[in-house]
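Hello,

Here is the structure I promised to pass on. My notes on it follow below.

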Amino acid sequence: MESADAAADAARTDPLVRLTVDQLRQRSSMKWRTHPADVLPLWVAEMDVPLAPAVAETLHRVADLGDTGYPHGTAYAEALAAFAAERWGWDGLRVEHTAIVPDVMLGIVEVLRLLTGPGDAVVVSPPVYPPFYAFVAHSGREVVEAPLGPGLRLDPAALEDAFARARRGGRRAAFLMSNPHNPTGVVHTRAELEAVAALARRHGVRVVSDEIHAPLVLTGARFTPFLGVPGAENAFALTSASKAWNLAGLKAALALAGPEAADDLARMPEEVGHGPSHVGILAHTAALRDGTDWLDDLLRGLDANRALLGALVERHLPGIGYVPPQGTYLAWLDCTALGLHDEDDGSAAPGELGVVSDLAGPAAMFLDEARVALSSGHVFGTGGADCVRLNFATSPGILREALARMGRALAGHRPPRDR
Ligand SMILES: Cc1ncc(COP(=O)(O)O)c(C=O)c1O
């Protein structure tokens with residue numbers, strides 16, 4: 001490492017600089033175990049950080065007390081309401097209009113069951129988080145695509161067209177939105193969300209806003225809770241502390257209903273509330289209530305990594321497109337210039353996926369030739385095939401090494417048509 005890089009890294013104190021590769025390799029989770037030890041994993045959305053002290057203290061207390069029974073109370077929703085008021089200036093969260101669900105994706109499935117029937121349509125905006133396809137298909141609904149438009153932002157014309165198709169024949173329909181958007185890191189503006197709410201109202205489409213990445217909005221952008229937007233009173237939002245505090249292994253999430261959706265939420269079967277873990281709820285509550293200083297440190301680190309990644313892409317990956325994300329810790333790299341995507345490669349389509357690590361095109365090349373694991377764009381739906389998603393919630397050292405390896409692989413690689 002050059003001495004300037006070493007000095008820059010040494011000046012950082014955020015959670016992303018605390019763990020070494022050797023420590024991380026001791027983890028038994030998906031990110032660090034799916035690939036052999038010579039691979040740097042920058043794919044699935046886990047972060048390479050230690051636990052926030054508030055969460056660690058809660059877990060120690062749970063262990064000391066043997067407090068591992070069934071959940072009780074509304075502390076999770078109360079903590080989120082206070083966090084939302086403080087961070088986003090939104091005081092519209094009504095604890096009585098919330099339900100604790102096992103996790104965000106299962107919460108989405110349960111909310112879609114309230115709003116639609118078998119065979120009804122669920123609109124998504126690809127490229128988008130691949131489980132949107134798989135879980136919608138699993139719940140017997142049909143995916144209708146409204147691809148992102150210019151600047152990879154929500155496209156009102158595409159949404160209008162998809163909403164009309166989704167409602168054809170009088171079917172009920174929902175729009176499953178990622179706010180902020182995974183994989184592009186786009187943070188929808190208030191004006192964009194107001195336009196979505198108006199369009200959805202006009203077409204009789206119910207909006208389900210997945211806001212799991214909401215606490216991870218970086219300097220320069222501002223998160224708007226969809227339920228705080230005029231016209232969204234009949235919408236749902238799903239959220240969780242699991243992305244921002246790295247708690248995917250401690251299952252719990254919240255479904256929030258707008259005032260006009262409260263009757264729908266009341267129809268959610270009681271059994272759904274048996275899924276979340278008591279320990280998960282305690283950990284998520286502690287994160288939202290007492291983990292905000294840690295979150296601010298993390299956001300400083302992610303901001304630094306976002307800038308570092310921009311410099312590394314410029315240095316090592318000429319020709320590859322990178323628009324810095326406004327939120328999340330995910331970067332969407334456009335590898336069209338490599339010419340590696342093959343329409344006929346027979347790889348899985350979204351929704352047919354067996355494993356989230358299914359690879360094709362540029363991601364397969366970077367795994368084979370750089371030993372860097374990225375998420376393959378083809379599983380994110382229309383518009384994804386030439387892209388890869390890179391998780392930059394890691395140390396600057398790992399990021400530098402991964403991008404240098406990718407640069408060497410790229411230099412040694414010529415597109416198939418040039419061979
Ligand atoms: C947009 C989005 N929704 C949902 C999830 C998964 O959430 P959960 O594990 O709570 O189902 C993720 C995970 O990365 C995500 O990015």
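The ligand is surrounded by Ala45, Asp103, Val104, Met105, Tyr129, Ser178, Asn182, Asp210, Ile212, His213, Lys243 and Lys251. Each has a heavy atom within 4 Å of the ligand.

Before the details, some ground rules. This is a predicted model: local features need pLDDT of at least 70, side-chain atom pairs count only at pLDDT 80 or more, and totals for chains, interfaces and linings use all residues. Residues are numbered from 1 along each chain as its sequence is written, and side-chain values use heavy atoms, with hydrogens and water left out.

By class, the shell has five nonpolar, three polar and four charged residues. Here Ala, Val, Leu, Ile, Met, Phe, Trp, Tyr, Cys and Pro count as nonpolar, Asp, Glu, Lys and Arg as charged, and the others, Gly among them, as polar.

Now the ligand's oxygen atoms. A polar side-chain atom of Asn182 is 2.8 Å from one. A polar backbone atom of Val104 also lies 2.8 Å from a ligand oxygen. For a backbone N or O atom of Met105, the distance is 3.0 Å. The protein covers 93% of the 400 Å² of accessible area that the ligand has on its own (Shrake-Rupley method, 1.4 Å probe).

One more residue: Thr184. It sits in the loop between strand S5 (173–178) and helix H9 (190–203). Helices (H or I, at least four residues) and strands (E, at least two) are DSSP runs, numbered from the N terminus. Thr184 is buried (under 20% relative accessible area), at 7%. Leaving aside neighbours within four places in sequence, Thr184 is in contact (heavy atoms within 4.5 Å) with Leu148, Leu152, Pro325 and Trp332.

Best wishes

Key
Polar contact = N/O pair within 3.5 Å; in protein donor to acceptor, adjacent residues only side chain to side chain. Buried < 20%, exposed > 50% of the residue type's maximum accessible area, 1.4 Å probe, protein only.
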